[in-house]
Structure formats: C-alpha cells, structure tokens
Amino acid sequence: MTGLKIKGRLKKLFVTAMATMMLLQTMTGTAFAATADGTDYVTVNSNERNPIPKAYVVADEINNLGTFAKNSKNYFKNPQDIDIDRNNNLYIADTGNNRIVVLDTNYDVIVVITEADGLPFEAPEGVFVDDSGDIYVADTGNRRIVHLANDGTYIETFVNPTDELVANDAFNPSKLVVSETGLIYVVRGENIMAIDGNNGFRGLFGQTDIGYNLVEVLIRMFASDEQKKFVTRRTASAYVNVDLGDDGLIYATSVERTEGEIKVLNSIGNNIYRKYTNVGDSFVNPITSFINNKLLKAVVAGTSFKFGEYFDDEGNYIEPNFVDITVDSNGIVTVAEQDGGKIYQYDQNGNMLCAFGGLGESKGTFSRPSSIAVNSNGIIYVVDRLSNNIQIFEPTDFIKTVHAATTAYENGSYDEAFDLWNEVLSMDENYTLAHAGIANAYFKMGEYELAMESAMNANDRDIYTKAFDEYKYEVMQKHFFLIIVIVIVVIVLVYLFLKYSFRAAKKATWNYISDKTKKMSIGQGILFAYNVLFHPVDCMEAIRYNKKRINMAIPFIIFITAYVVRIAYIYIVHYPLASIDLTDANVIFEGVKLFIVPVTWIPASFMVTSISDGETKMKDIFFATSLSLVPYIVINVPLMFISNILSKSQASWYGVFSAACFIWMFIILFLSLWILNGYSFGKTIKSVIIIAFVMLLIWVVVLLCYVLVGRLFQFIGGVYDEFMMSIL
C-alpha cells in the first residue's frame with residue numbers, strides 16, 4: 001500500500017472519529033443551542049449562551065424613501081453600506097439603485113446622489129462621511145473613489161495609484177474610511193491601502209503575519225523552478241470592512257481565524273485589540289489545514305475565546321463572517337455577522353457585552369445584514385440587503401448602564417465603575433462581565449482578596465491572577481521570616497522522605513527478585529511500583545523473569561489511587577491553574593480521560609505482541625501498564641498543593657511538571673513493551689506505531705457502538721411511546 005493511500009485512510013478514519021464525537025454531542029444536548037425564549041445573551045467559553053436582559057429594542061424601520069419619489073426607485077435595492085455624520089444624518093450606499101441616499105434624523109430624504117463628474121455611479125458599495133460633512137463614495141463598478149461636498153457637489157476623484165507596487169493590481173474599492181489627516185484607507189484583500197490627498201500611494205496597512213512554514217522553506221530550498229510554479233502562495237486573511245474611531249484608530253473585520261476576526265489597528269498597522277493566540281501558535285490551524293474538515297473544526301472551535309460564535313442556533317458549525325463594524329465615541333465595538341444574522345457588541349477590551357438578532361423576517365431579525373452604524377445617542381442602524389430595509393435599535397437602560405460602567409473604568413473612575421457594575425448586577429445578578437468589572441475595580445482600589453472573590457464569580461482567571469500576585473506579595477512582606485522557616489522545614493522533610501522512601505523501594509524490589517519462594521505482597525508491590533520511577537529497567541526485568549509471582553491486586557490499587565488523585569486534583573488545584581471548572585467536572589468523564597490511553601494500550605499491545613513474537617500475556621501487560629500511572633500519582637499529589645501558591649503567571653513553569661508526568665508515563669510504557677517482549681529498539685518503535693493505530697481503531701469502534709446503542713434505545717423509546725399513546 002502506498003504512503004498516499006495510507007495517509008488517505010488515516011484521514012478518513014480520523015474524520016470518522018470526529019464525526020462520531022459530534023454526533024455524541026448532539027445526542028446529549030448542546031451548549032450552543034439558542035436561548036429558550038429568544039432573548040439577548042452573552043457567550044461563555046465561545047459557545048455557551050447565558051441569557052441577559054434585553055439590550056436593544058426595535059424602535060423603527062426604514063423601508064422606503066417616503067414621499068421623495070413615486071416610482072420604482074422609491075425602495076432600496078441591495079443596500080451595502082451606511083454611515084452617520086456628526087448631526088446623526090444617515091448616508092446609505094443603495095448599491096442596486098446605483099446611488100447614495102442621505103436621510104435626516106426624521107428619516108426624510110435630504111438628497112439622493114446618482115453621479116459624480118458627469119459619470120453615473122455603478123454599484124457603489126461603500127460610503128464614508130468625514131467630520132466636515134464631506135462624502136467619500138467607493139464607486140466600485142467604475143473603479144474609483146469619489147469625493148463630494150455635503151450637498152453632493154463633485155470635488156475630486158481617486159483611482160488606483162501609479163506606484164509600481166499596486167499599479168498592475170485591480171482597483172475595486174468597496175469599503176473605506178478617511179482619517180483626519182486626509183488619508184483614505186481602502187479595503188484591499190489581505191491588507192488596507194492608504195492613499196493621500198494627491199492620489200499618491202502611502203503604503204499597504206495592517207496585513208496579518210502568516211507566520212513561518214517549514215514546508216515552504218524546504219520547497220524554496222530544494223524544488224526546481226518548474227515545480228515552484230505549481231506551488232500556491234500562501235496569503236494573509238482578507239479584510240472585510242473598516243470603520244474609524246474617534247481615537248483615530250482603524251477598526252476592522254476580517255476572516256482571520258488565528259489572531260481574531262475583529263481588529264483595532266494602530267498607526268503602524270498592528271492589531272492592539274484582543275487576540276486569540278500569538279501568530280504561529282495556534283492548535284487549530286495545523287490540524288484543519290491537514291484534515292480540512294468542518295467537523296473537526298467544530299470540535300476544537302470552542303476551546304478558547306472567540307469573537308461571535310462558531311455554532312448557529314441549530315448547533316451547526318459556522319465560521320463568523322463579520323460584514324461590518326462600527327464603534328461609538330466611547331470605544332464600544334458593534335459588529336454585524338452575516339451568516340447567522342447576529343449583532344455582537346464588545347467593550348474596549350474585547351469582552352462581549354451582548355448579542356441579539358438572528359435570521360428571520362420579523363422585526364429584530366435579518367435576512368442578510370450587510371452594514372451597521374451607531375449614532376451619537378447610541379442608536380444602532382442595521383442595513384439588510386435582502387429585505388432592502390434598515391432596522392433601528394434603541395439601547396435599553398440595562399445596556400446603557402453597562403456602557404457607562406465600562407467607560408468609567410476605562411477613564412480611571414474606579415469608584416464610579418464599581419457603583420455602576422453593582423447597578424448592573426441589580427438588573428441581572430448573573431451578568432458575568434459585571435462581576436469582572438467589580439473585580440477590576442476592587443483590584444484598582446487595592447482590595448485584593450475581594451478582587452479574587454469577584455474574579456472567581458466572573459470566572460476570570462486573568463483578573464484573579466493579578467489580584468493574587470499582589471496579595472501574595474503583601475503576605476510575603478508581612479510574614480517573610482515565618483515563610484522562610486516554613487520553606488526550610490518543608491525542604492528538610494521532603495529530603496528525608498525521598499531518602500528513606502527510595503531506600504525502602506529499592507530494598508522491596510531486591511527482596512522480590514531474590515526471594516523466589518514468595519509471591520509479591522501488597523506492601524512490597526506498592527514499593528515496587530514506586531521504585532519503577534527511578535529504576536524502570538530493573539523493575540521491568542524483574543517482572544519479565546518473575547511473572548508468576550506478581551500480585552494482580554497492585555494494578556487495581558494503582559488505578560483506583562490514580563482516579564482518586566484526579567478527582568482530588570480537580571477540587572484542590574488553585575483556581576487560575578485549573579483546567580476545568582468545578583461546575584463542569586464529571587467524575588465519569590474524568591475517569592475516561594485519565595484511563596483511555598492505558599486501558600486501550602492493554603488490548604492493543606496484547607494483539608500486536610501476540611502476532612509479532614512477543615513474550616507477554618494479558619496479565620503481564622496489565623501489571624506493567626498500571627505502573628505507567630505511578631508518575632501521574634507521584635507528581636500530581638504534591639503539585640495540587642503547591643499550585644495554591646502559584647498563579648496563571650507561573651502556568652508555563654507549572655506546565656513543565658504536567659508535561660514531564662506524561663512523558664514519564666510514555667517512557668514506562670515504551671520500556672515495558674521493549675523489555676518484557678525481548679524486542680530490539682527498532683522493533684519496539686515499530687510496535688508502538690502499530691499499537692497507536694490499533695488504539696485509534698478501538699476508540700472509533702467503541703464510539704460507533706456507543707452511538708448505535710444510543711440510537712437503538714431512542715428507537716425503542718419512540719416505539720414504546722407510540723404504543724402507549726395508541727392504547728390510551
């Protein structure tokens with residue numbers, strides 16, 4: 001079988017496993033289902049929705065131009081963009097009608113602009129109005145940008161700059177903003193192009209770093225010129241839309257899935273908004289680029305913070321398509337997501353404030369939102385290009401208070417922010433961001449213990465870490481000498497424990513090997529298992545030549561102990577270092593996660609060694625495999641207690657011990673396979689690869705059986721319900 005066929009089969013197998021996992025999720029219910037009553041909500045952990053009080057209500061709707069015209073063009077047709085000036089007048093790019101419509105605050109027509117410089121507009125997709133009231137139109141079909149006075153009088157035209165870097169590229173301006181200095185920023189695929197007032201090229205702005213790719217380096221080094229022609233060049237993710245904040249920063253949306261779809265670009269084009277990960281440090285992308293399957297993406301999509309949502313109201317996987325972005329004078333960011341028809345709002349630091357809307361034809365929902373804008377009163381205007389209308393949303397007292405609280409904190413008014421967040425909690429005691437806001441306020445006021453408590457209520461480990469580090473510093477200052485004494489005593493006790501426990505473990509192992517007349521006792525077996533940490537080769541040799549005298553109670557003791565340690569770890573480990581929340585802990589699932597590898601290693605290893613001249617029996621493999629859990633026990637028992645003097649800022653150091661634990665476990669499994677079967681080193685490596693493949697097969701088969709059994713019970717339950725209904 002060729003390598004290509006093997007790779008193809010492995011890919012299909014992996015995708016099948018992921019599909020089964022997704023099916024299991026649908027059977028047990030999904031956290032990303034729509035809220036029961038269609039209320040507004042915020043998301044937790046990227047997909048779990050928490051209902052909140054109504055944030056915005058539909059105040060009005062603009063469906064036509066009123067009495068302005070009595071002809072077929074009285075209605076909007078495929079409107080694509082909207083902007084608002086300082087006087088709250090609306091500027092709409094009515095793309096399908098090839099015009100720009102300007103409405104006043106009563107939504108009466110001020111002017112309709114259909115041409116510039118004698119040339120009719122052709123499908124204009126973007127409009128921007130500056131502080132002086134001048135209008136800039138992205139006349140997309142005519143490949144130009146038009147600068148107009150507020151009454152529609154033509155001023156000038158901008159076309160593709162003549163600079164050699166962009167002169168040969170297609171110029172299809174769609175969305176644009178204009179800075180106070182007169183620079184025009186135009187969305188141009190993977191970057192934003194800057195044009196000055198003289199139509200001069202001023203650079204490409206904001207392109208995302210696509211990171212390092214080893215394959216590309218190797219291709220450049222070793223591929224021929226002819227082969228290089230067939231290699232597709234990697235490009236950065238494309239921008240979708242832009243807006244200009246009062247702070248002079250560029251607010252943009254893109255399809256960037258690694259760093260984040262929403263960006264705030266500073267003067268040199270760097271994104272200073274909340275990010276998913278560092279570029280090149282993503283777990284999702286390497287897998288999805290290989291598998292290219294949405295089911296797998298859905299499995300990993302909820303592993304960290306995401307803008308918007310990666311699941312729609314029915315639980316189907318989607319990738320957010322933020323078609324427009326708007327920012328108010330306080331830095332509150334609101335975006336329109338097209339595929340799910342949702343409006344998402346974030347504070348100055350990228351924390352979600354609310355989400356509302358959805359796909360539909362009733363008020364408050366959308367067929368295909370295309371643009372969004374906010375006026376000076378906080379009123380949101382959403383353009384729907386399929387319904388050909390504009391819906392107007394007014395903020396409620398709830399979201400106004402939230403905005404006031406976030407703004408007060410950003411402005412350094414921590415006492416005011418504290419009071420406002422408490423007011424928010426009086427409206428919704430479960431509003432997570434209010435707890436986070438109070439925690440931040442406590443932190444700024446130096447109340448670190450209260451900040452830690454509030455941070456836990458908000459499930460915000462970052463705030464907790466900041467407060468804990470300061471609290472720890474205060475405690476160390478106050479009790480420095482006592483802490484030094486305690487540390488010295490602990491070091492001495494640990495040293496004595498290790499010294500005498502090593503000696504006892506070594507002695508027990510030697511007694512087991514030398515006394516051929518006795519079976520391994522319970523105490524001797526426990527010390528023998530402990531000795532495998534430091535002398536794994538000797539212990540495996542002892543098992544190989546004394547198989548009949550091993551005590552099979554020891555593996556069960558080790559498995560039970562490891563499980564108890566895992567459950568205790570969940571409850572004892574320090575909050576900022578916890579991998580899961582207590583509310584999400586499931587004792588059965590935790591056992592499955594802990595034992596899935598060793599338990600499936602046992603039958604997989606037996607099957608492989610049975611057909612490849614192995615010497616082990618199932619009993620031997622079971623005993624040796626249980627020993628691989630000893631590092632987990634020995635490392636995690638002290639680690640769970642030590643974690644309580646550490647915080648998230650020491651997570652990398654803490655993670656070294658967790659990684660060492662699993663590496664140690666693998667080494668013991670590898671040595672058990674190698675020594676107990678008398679294999680060569682090379683044969684052991686080959687066997688490990690085959691065992692891993694067999695383990696994967698076992699997982700897939702078990703998952704499929706689980707799903708089929710679940711479906712069978714569902715079918716039987718349905719038949720029973722039908723039968724009961726028929727006899728009643």
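**Close-up views of charged residues**

**View 1. Asp-397, Asp-415, Glu-416, Asp-419 and Glu-423 form a negative surface patch.** The model is predicted: local features need pLDDT of at least 70, side-chain atom pairs count only at pLDDT 80 or more, and totals for chains, interfaces and linings use all residues. Residues are numbered from 1 along each chain as its sequence is written, and side-chain values use heavy atoms, without hydrogens and water. Patch residues have over 30% relative accessible area and no salt bridge, with like charges joined within 9 Å. Asp and Glu count as negative; the place of a charge is CG of Asp or CD of Glu. Helix α7 (residues 414-427) gives the most to this patch, with four residues. Helices are DSSP runs of H or I with at least four residues, strands are E runs of at least two, and both are numbered from the N terminus. Glu-416 sits in helix α7. Glu-416 is partly exposed, at a relative accessible area of 43%. (Buried is under 20%, exposed over 50%, partly exposed in between; 1.4 Å probe, protein chains only.)

**View 2. Arg-49 pairs with Glu-309 in a salt bridge.** The closest N and O atoms are 2.6 Å apart. The pair links distant parts of the chain: Arg-49 lies in strand β2 (residues 48-51), and Glu-309 in the loop between α5 (294-301) and β21 (322-327), 260 residues apart. A salt bridge puts a side-chain nitrogen of Lys or Arg within 4 Å of a carboxyl oxygen of Asp or Glu. Both Arg-49 and Glu-309 are buried.

**View 3. Arg-49 also forms a salt bridge with Asp-313.** The N to O distance is 2.8 Å. This pair, too, links distant parts of the chain, with Asp-313 in the loop between α5 and β21, 264 residues from Arg-49. Arg-49 is buried, with a relative accessible area of 9%. Asp-313 is partly exposed, at 29%. A network of salt bridges links Arg-49, Glu-309, Asp-313 and Lys-342.

**View 4. Lys-683 meets Asp-613 in a salt bridge.** N and O are 3.9 Å apart. Lys-683 belongs to helix α19 (residues 681-727), while Asp-613 is in the loop between α15 (587-610) and α16 (618-627), 70 residues apart. Lys-683 counts as partly exposed, at 29% relative accessibility. Asp-613 counts as exposed, at 66%. The structure holds 19 salt bridges.

Key. Patch = residues over 30% accessible without salt bridge, like charges linked within 9 Å, V, L, I, M, F, W, Y side chains within 5 Å. Areas by Shrake-Rupley, 256 points an atom, 1.4 Å probe, with all protein chains shown as cover.
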